Amino acid sequence: MICVLFLLRLLVFIRPAAEALDNGLALTPTMGWLHWERFMCNIDCDKDPDNCISERLYMQMADMMVKEGWKEAGYEYVCIDDCWPSHQRDARGRLQADPKRFPGGIKKLADYIHSKGLKLGIYADVGKNTCAGYPGSLGHYETDAQTFADWNVDLLKFDGCYMDWTLLGEGYINMSKALNQTGRSILYSCEWPLYEWPFKQPNYTAIRETCNHWRNFNDVYDSWSSIKTILDWTASHQDVIVPSAGSGGWNDPDMLVIGNFGLSHDQQESQMALWAIMAAPLLMSNDLRDICPRSKGLLQNKRIIDISQDPLGRQGYHTIKVDSFEVWERPLSQNRLAVAVLNRQEIGGPRGFVIRAVPGWKICDPQCNVTQILPQYKELGVQTFKSEVVLSVNPSGTALLTITPISRFRTYKLHWQDTSVRHKQETIL
Ligand SMILES: *[C@@H]1O[C@H](CO)[C@@H](O)[C@H](O)[C@H]1NC(C)=O
Ligand SMILES: *[C@@H]1O[C@H](CO)[C@@H](O)[C@H](O)[C@H]1NC(C)=O
Ligand SMILES: *[C@@H]1O[C@H](CO)[C@@H](O)[C@H](O)[C@H]1NC(C)=O
């Protein structure tokens, strides 16, 4: 076993400087399901009726979300991505769903989704076409926002294809205003920075004021190499992007691909752990009608979801890379800390990693309580700044911990003459 002397550092990022978009939504990272990575632009309902982009697909996913515990775990939004509309706008210039694949129309689909206690997301594009070539919203922002509001849609994913990059900011801001003007609270998911990065560093103050979350980097694929490039991009840009995240607005590293074909179980655990550390939206793209129990258990793991949804609302960050271990930390409410240790060595077997706090590291001075969540749940008990926590991490797997400081104050009961119970704090030392 390799022992690593390791000093946990608490980087202090300032609270988000900018105000979040004020629509009362995404107070914690959005949770739900989004069709793109798994179902893409499959529009062939004759040959592949079960997997084509049609109202049936979203209704079935909504049914599964209620039946199989997803809704109860916190997954709420059922989201349509590209390829839902007809190639033509209607006579009044409005977008319309493909009549063959959505015979009931979007409004009726929204009613169905709402009847399940869930929310419906839809997709459009800031430019003149969507990425798959359907009509874009450029020049139609007010009309399209009103159409989505009339249909009782709850979320808009607004892509950035076919747009002059110098107008991206204007376009995203105009649509944000148009959504606000409808009077309906519609969660606004942007891709503004993704399309701007090739040309200039995006203004995250403006983005946070405009959007509820925003994609920064490439589409996720169903592969470990894709997950790794997303993590590497995030780590190398964290000084710029982490401070912009907070309640109401989040960096979006794209969908969870857990439950598909490309990731081993250890890699699925790594995606889940790191997406929670990154305070990322948890939008699954998988087939909820056919998902293996282990992947389902991981996606519904309450302890990981609690990290994701922590009320402090701070995004975590990469702290150190040593001996092919990569450590990420996320500050949590009540002075707790989540720590993920990712084994980036893709050869050999499980490797040991030792966490040693150091004197002066407040969270474990004098004592802290350590809970291991991944690879399996284990209470590691009370530690002091002198003790070591030994982890075993599989290749491309992740150990996920929470560390809870044990306060110098102890609460005990004082019995008063009138027998009412009062609590008082007293210094132990
Ligand atoms: C519209 O914006 C105003 C001001 O920012 C905000 O108070 C209001 O809640 C917003 N309305 C909706 C529907 O988002
Ligand atoms: C945004 O709105 C302003 C004000 O109405 C308008 O002048 C501008 O052309 C719009 N930009 C885009 C990209 O729609
Ligand atoms: C970024 O956007 C904010 C708010 O919209 C604005 O006040 C600020 O001047 C912009 N910063 C830069 C460098 O353009």
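Before anything else, a note on naming: helices (H or I, at least four residues) and strands (E, at least two) are DSSP runs, numbered from the N terminus.

**Ground rules.** I am working with a predicted model, where local features need pLDDT of at least 70, side-chain atom pairs count only at pLDDT 80 or more, and totals for chains, interfaces and linings use all residues. Residues are numbered from 1 along each chain as its sequence is written, chains are lettered from A and ligands numbered from 1 in the order in which they are written, and side-chain values use heavy atoms, with hydrogens and water left out.

**Overview.** I found 13 helices and 18 strands in the chain. Of its 429 residues, 55% are buried; buried means under 20% relative accessible area, exposed over 50%, and partly exposed in between (1.4 Å probe, protein chains only). I also looked at contacts, meaning heavy atoms within 4.5 Å. Among those between residues at least 6 apart in sequence, 70% join residues at least 24 apart.

**M40.** I checked the loop between α1 (36-39) and α2 (55-67), which holds M40. Phi of M40 is near 45 degrees, a positive value in a residue other than glycine. M40 is partly exposed, at a relative accessible area of 45%.

**α2 and α4.** I followed α2 to helix α4 (residues 105-115): their axes come within 10 Å and cross at roughly 10 degrees. Axes here are lines fitted to C-alpha atoms, for helices over the stretch in contact, and angles run from 0 to 180 degrees between N-to-C directions. That makes α2 roughly parallel to α4; angles under 35 degrees count as roughly parallel, over 145 as roughly antiparallel, 65 to 115 as roughly perpendicular and the rest as oblique. On the α2 side I noted E55, Y58, M59, A62 and D63, and on the α4 side G105, L109, Y112 and I113. I sorted this contact into six nonpolar, one polar and two charged residues. For the classes, Ala, Val, Leu, Ile, Met, Phe, Trp, Tyr, Cys and Pro count as nonpolar, Asp, Glu, Lys and Arg as charged, and the others, Gly among them, as polar.

**α9 and α11.** Next I took helix α9 (residues 224-236) and helix α11 (residues 265-277), which pack at about 25 degrees with axes 11 Å apart. The two are therefore roughly parallel to each other. W224, I227, I230 and L231 in α9 meet Q267, S270, Q271, L274 and W275 in α11. That contact has six nonpolar residues, three polar and no charged.

**The sheet.** I traced an open sheet of six strands, in the order β9-β10-β11-β16-β13-β14, with antiparallel pairing. Two strands pair if DSSP finds at least two bridges between them. β9 (317-322) and β14 (378-384) are the edge strands, each pairing on one side only. From one strand to the next, the twist averages 25 degrees. Five bridges join β9 to the antiparallel β10 (residues 325-331), and K321 stands opposite E326 in β10.

In the loop between β10 and β11 I found Q334. Q334 is not a glycine, yet has a positive phi of about 55 degrees, and at 67% relative accessibility counts as exposed. My last stop was P375, in the loop between β13 (367-374) and β14. The peptide bond from L374 to P375 is cis, with omega near 0 degrees.
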